[in-house]
Amino acid sequence: MRRLLYLLPFLLFIGVGIAFYLGFERDPRDIPSALIDKPAPTFDLPAIPGQMVQGQPAASGLSSAKLAGDVTLVNVFASWCIPCKAEHPVITRLSREQGVTVYGINYKDKPEDALTWLSRNGNPYAAIGADQDGRVSIDWGVYGVPESYLIDRKGRIRFKHVGPLTPQVVEEQILPMVKHLRQG
Amino acid sequence: MTRLLLAALLALSALSSPALAVQPDEVLPDPALETRARTISQELRCLVCQNQSIDDSNAPLARDLRVLVRDRLKAGDSDDKVMEYVTDRYGDYVLLRPPFKATTLVLWIGPFAVLLLGAAGTFLFLRGRRGVAAGADTAPLSADERRRLDALLRKGD
């Protein structure tokens with residue numbers, strides 16, 4: 001019995017060591033969102049100045065009113081953001097082939113840069129709001145573009161992904177969640 | 001000469017202040033509000049660089065948050081209201097001093113618990129040893145043992 005007591009500090013050390021080792025696996029950039037299951041912030045963003053939709057100047061940007069009704073993905077992007085370019089094909093596939101409505105928030109971007117970027121890479125967004133001073137994005141709790149939010153039919157934020165969307169994240173997390181939210 | 005130079009350098013270094021992230025155009029004209037803004041900014045974590053406060057950080061998001069804090073103060077918010085505004089959006093993670101609540105209990109109590117555990121262990125160990133030293137559990141020598149001890153001691157002379 002007394003022998004076992006002597007082993008206790010060693011066992012404690014092993015336990016703490018394992019806990020710390022597992023801690024290395026966690027991504028320190030992955031900050032839990034304070035907004036999960038809360039209503040998306042109320043906002044009304046203008047279109048990117050100069051943006052054309054079907055030959056006409058875009059009449060409206062993106063507002064919270066548009067988010068209710070269907071399950072949608074809100075993607076925060078910028079032309080100066082390199083990972084945004086990497087995730088762009090994934091977003092495009094999600095919107096054109098996988099049937100998810102994707103809205104864009106163009107974060108702190110120059111209008112001409114954003115428009116060039118969209119015409120070069122394609123525009124998969126059903127609507128885009130230009131957040132030039134980044135204030136609306138702060139309401140969303142954005143801290144590093146790209147970020148993506150899944151919004152349910154009642155306009156609540158149900159899932160957040162920080163960093164570029166990968167096919168794996170879409171297959172394993174986004175699509176099952178969309179399916180689940182459409183049923184619910 | 002070298003000594004003079006060193007003295008001059010030392011005097012100069014006393015004049016310098018650390019480089020500030022806060023830009024002149026952010027500073028509020030009202031010094032009382034600005035002081036409050038600085039105090040709040042020092043409590044808020046920069047989410048990009050993580051181990052700096054937004055008051056120290058040069059990251060664009062830190063600047064946006066500093067300006068936001070000042071805007072809220074100008075709008076008449078109390079200090080607590082401003083903190084709440086930011087934590088509503090970014091969660092407790094944004095606070096450099098985590099609040100005391102159920103989810104942070106281990107964080108706050110943990111070190112004291114370990115200290116207490118150590119103290120209790122030390123106490124028990126020392127008490128046990130004093131018992132041994134006092135000879136509580138040592139029987140007196142038997143007549144045979146005493147004879148052998150005497151023999152050994154004599155051999156040493």
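Colleague: What makes strand β8 (residues 147-151) of chain A and strand β9 (residues 157-162) of chain A a pair?

Modeller: Two strands (DSSP runs of E with at least two residues) pair if DSSP finds at least two bridges between them. Here 5 bridges join β8(A) to β9(A), so these antiparallel strands qualify. Tyr149(A), for one, stands opposite Lys160(A). The two strands form a hairpin with 5 residues between them, and Gly155(A) in the turn has a positive phi of about 85°.

One caution: this is a predicted model, in which local features need pLDDT of at least 70 and side-chain atom pairs count only at pLDDT 80 or more, while totals for chains, interfaces and linings use all residues. Residues are numbered from 1 along each chain as its sequence is written, and chains are lettered from A and ligands numbered from 1 in the order in which they are written.

Colleague: Why is strand β5 (residues 72-77) of chain A called largely enclosed?

Modeller: A residue is buried if 20 or more other C-beta atoms lie within 10 Å of its own, exposed if 12 or fewer, and partly exposed in between, with C-beta atoms placed from the backbone. In β5(A), 6 of the 6 residues are buried, so the rest of the structure largely encloses this strand. Both faces are covered: Thr72(A), Val74(A) and Val76(A) on one side, Leu73(A), Asn75(A) and Phe77(A) on the other.

Colleague: Which strands does β5(A) pair with?

Modeller: With strand β6 (residues 101-107) of chain A, it pairs in the parallel sense over 6 bridges, and Asn75(A) has Gly104(A) as its bridge partner there. With β8(A), it runs antiparallel over 5 bridges, and Val76(A) stands opposite Glu147(A).

Colleague: What makes the largest nonpolar core a core, and how many residues has it got?

Modeller: A nonpolar core is a set of buried Ala, Val, Leu, Ile, Met, Phe, Trp, Tyr and Cys residues joined through C-beta atoms within 7 Å. The largest one has 58 residues, and Ile151(A) and Leu65(B) have the most contacts inside it. Its largest share, 6 residues, comes from helix α3 (residues 60-74) of chain B; a helix is a DSSP run of H or I with at least four residues.

Colleague: Which residues does Leu65(B) touch?

Modeller: Contact means C-beta atoms, placed from the backbone, within 7 Å. Leaving out residues up to four places away in sequence, Leu65(B) touches Leu44(B), Ile54(B) and Val86(B). By that contact rule, 11 residues of chain A meet 12 residues of chain B.

Conventions:
Two residues are in contact if their C-beta atoms, placed from the backbone, lie within 7 Å.
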